[in-house]
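Hello,

Here is the structure we spoke of handing over. Please open it first, then read my notes below.

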Amino acid sequence: MNTPETPEAQPASVAAVEDAKLAASQDSLSQGRLVFRRFIHHKPAMISAAVLLVLIIVSMTSIGIFGIKGWWPHDFKTTSVSTNGGVPSAEHWFGQEDIGRDYFALVMSGTQVSLIVAFLVGISGTVLGTVLGAVAGYYRGWIDAIIMRIADIFFVIPLLLIAAIVAKTASGAIASPWFLGIMLGVVSWAGLARLVRAQVLTLREREYVEAAKAMGASSWRIILKHLIPNCIGTVLVNATLATASAVLLETSLSFLGFGVKAPDSSLGLLISQYQNSFTTRPWLFWWPGLIILIIALSVNFIGDGLRDAFDPRQSGRVKKRNLAAAALMGIRPIAVPTAAERAELATGERPPSGTGVSGAVGPVEAAEEDRKDEEGKR
């Protein structure tokens with residue numbers, strides 16, 4: 001025989017059911033999912049990622065890569081007679097250069113090389129800077145002093161000059177885009193190392209690091225498993241910025257003759273070879289320049305999206321800047337009435353000024369009261 005529920009038990013059971021429904025409706029997200037959700041809601045970053053992905057796919061599939069033939073019918077190494085002065089046409093989308101080679105194939109080949117160099121710089125420079133910065137921040141002492149003094153050398157001497165000297169010394173080996181990318185990454189780690197060091201100096205004093213030491217974890221395990229993962233936001237953002245800078249650095253080196261050399265091609269090398277055609281056949285100059293601009297801007301916008309995703313306070317700073325700009329322009333934000341003010345409105349009493357609720361005070365009277373308030377504050 002079922003016993004009836006007591007009056008006290010029934011509300012308790014109803015509350016428990018409501019709590020269970022509320023807990024089920026809430027989606028508990030991890031830190032990684034929160035960062036990913038913020039990133040995909042960053043429109044410039046998502047548009048830039050889509051543009052960069054399309055550019056990578058087109059450059060890799062059009063002329064092929066690693067011996068795989070692409071869908072573009074022309075080869076960038078095959079010479080022919082220029083038709084109609086090499087002007088872009090339906091057969092040759094980007095036109096033809098001096099000796100009749102298809103310029104679309106040349107630009108796609110240069111895009112492949114520039115992207116390979118950029119990603120190699122981003123990967124090698126990020127790995128080297130992260131490890132050296134974490135080691136310097138964790139061990140401190142003479143290890144920190146040596147690493148930071150080496151980093152100071154890279155800060156004092158311009159990066160372009162260091163890269164040009166290393167490229168000149170390496171002579172023929174620098175013609176390989178793979179070697180060029182690794183070399184540029186080796187000389188571009190200093191900035192990230194300082195940022196990671198600053199974070200590790202703070203993280204090494206946390207309780208979980210002390211607990212790992214007490215449990216017998218080695219120093220390298222603490223660095224790799226505990227410290228570096230907590231710096232991942234800074235590392236990823238700076239990796240994207242380093243990749244964007246590497247595109248421009250490779251372009252500068254190739255333009256000066258210290259970067260990629262024939263028979264390989266790069267966007268900077270194409271600009272260097274056809275800079276004299278700027279007035280007569282400008283498409284030979286504009287196409288590689290436009291691709292460089294697209295890559296640099298896309299990677300920079302992706303970096304901005306990652307920074308905002310890992311640091312949500314950035315949006316608050318933007319709002320504060322917008323409010324400050326509005327104050328300078330004389331625009332007063334509309335205040336939202338509080339619960340007490342809404343209760344006063346419900347009882348028919350006169351609401352305080354600045355609540356943004358119309359009906360109790362006319363616009364002329366409200367403006368006059370605001371002017372008096374401003375004069376009183378002054």
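A residue counts as buried when its relative accessible area is under 20%, and as partly exposed between that and 50%. Trp189 has 5% relative accessibility, so Trp189 is buried. Please keep in mind that this is a predicted model.

**Overall**

The protein has 378 residues, and 35% of them count as buried. Its secondary structure is 16 helices and zero strands. Take the contacts with a separation of 6 or more: 66% of them join residues 24 or more positions apart.

**Aromatic pairs**

There are eleven aromatic pairs in the structure. One of them is Trp71 with Phe104, a tilted pair with 6.4 Å centre to centre and 45° between the planes. Trp71 sits in the loop between helix 3 and helix 4, and Phe104 in helix 4, so the pair ties together parts 33 residues apart in sequence. Trp71 is partly exposed, at 46% relative accessible area. Phe104 is buried, at 4%.

Now back to Trp189. Its ring pairs with that of Phe154: the centres are 5.6 Å apart and the planes are at 70°, so this pair is edge-to-face. Phe154 is in helix 5 (residues 141-156), while Trp189 is in the loop between helix 7 and helix 8 (190-203). Phe154 is partly exposed, at 21% relative accessibility.

Ring pairs also build a cluster from Trp71, Trp72, Trp93, Phe94, Phe104 and Trp287.

Ser62 belongs to helix 3 (residues 43-62). Its relative accessible area is 0%, so Ser62 is buried. Which residues does Ser62 touch, not counting those up to four places away in sequence? They are Gly70, Trp71, Trp72, Phe104 and Met108.

Glu250 is in helix 11 (residues 232-256). Glu250 is buried too, with a relative accessible area of 0%. Beyond its neighbours within four places in sequence, Glu250 contacts Ser114, Val117, Leu180, Val260 and Ser266.

**The largest pocket**

The largest pocket holds about 490 Å³ of space. Its lining has 24 residues, and Ile63, Gly64, Phe76, Ser109 and Gln112 lie nearest the centre. Helix 4 (103-139) and helix 7 (177-186) are the elements that each give two or more residues to this lining. The largest share, four residues, is from helix 4. By type, the lining has twelve nonpolar, eight polar and four charged residues.

Best wishes

Key. Residues are numbered from 1 along each chain as its sequence is written. This is a predicted model: local features need pLDDT of at least 70, side-chain atom pairs count only at pLDDT 80 or more; totals for chains, interfaces and linings use all residues. Side-chain values use heavy atoms; hydrogens and water are left out. Buried means under 20% relative accessible area, exposed over 50%, partly exposed in between (1.4 Å probe, protein chains only). Contact means heavy atoms within 4.5 Å. On a 1 Å grid over the protein atoms alone, a cavity is a set of points where a 1.4 Å probe fits but cannot get out, and a pocket is an open set with protein on both sides within 12 Å along at least five of seven lines; lining residues have an atom within 4 Å of a point. Grid points are joined across faces, edges and corners, and a volume is the space filled by probe spheres set on the points. Ala, Val, Leu, Ile, Met, Phe, Trp, Tyr, Cys and Pro count as nonpolar, Asp, Glu, Lys and Arg as charged, and the others, Gly among them, as polar. Rings of Phe, Tyr and Trp (its six-membered ring) pair if their centres lie within 6.5 Å; planes under 30 degrees apart count as stacked, over 60 as edge-to-face and the rest as tilted.
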